[in-house]
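I opened the model today to look up its core and one of its helices. My notes follow in the order in which I checked things.

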Amino acid sequence: MSGASDEVRAAMAEGNAEYERRFGHVYLVCAAGRSADELLAVLRDRLGTTAAEEARRTRTELAAVNRLRLTGLIVQDR
């Protein structure tokens, strides 16, 4: 997101607020290796899902974030 345009940043902020209103929790996504435009597209796609589907996708994204963090810890310890 550091290189994102002002338009993409504004759209992400708006989408994040809409996501929280719709699902009652913050938007979680594994951002590693994804561009700002891709992250915005993912957010917009996920705003169209059901609560049950979004809960499943949130768990999948959280698992990916955790996997990256744990891998980083293991690699650091070597």
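I took a nonpolar core to be a set of buried Ala, Val, Leu, Ile, Met, Phe, Trp, Tyr and Cys residues joined through side-chain atoms within 4.5 Å, where buried means under 20% relative accessible area, exposed over 50% and partly exposed in between (1.4 Å probe, protein chains only). The model is predicted, so local features need pLDDT of at least 70 and side-chain atom pairs count only at pLDDT 80 or more, while totals for chains, interfaces and linings use all residues. Residues are numbered from 1 along each chain as its sequence is written, and side-chain values use heavy atoms, with hydrogens and water left out.

Core. I found 14 residues in the largest nonpolar core, of which V8, M12, Y19, Y27, V29, L40 and L43 touch the most other members. Two or more residues come from each of helix 1 (6–23) and helix 2 (36–46); helices are DSSP runs of H or I with at least four residues, numbered from the N terminus. Leaving out residues up to four places away in sequence, I listed M12, N16, Y19, L39, V42, L43 and R46 as touching Y27, with contact meaning heavy atoms within 4.5 Å.

Helix 1. I noted V8, A11, M12, G15, Y19 and F23 as buried in helix 1. They cover an arc of only 105° around the axis, so they lie on the same side of helix 1; the arc is that of the directions from the helix axis to the C-beta atoms. On the other side of helix 1, I found D6, E14 and R21 exposed.

A13. I placed A13 in helix 1, and A13 counts as partly exposed because its relative accessibility is 48%.
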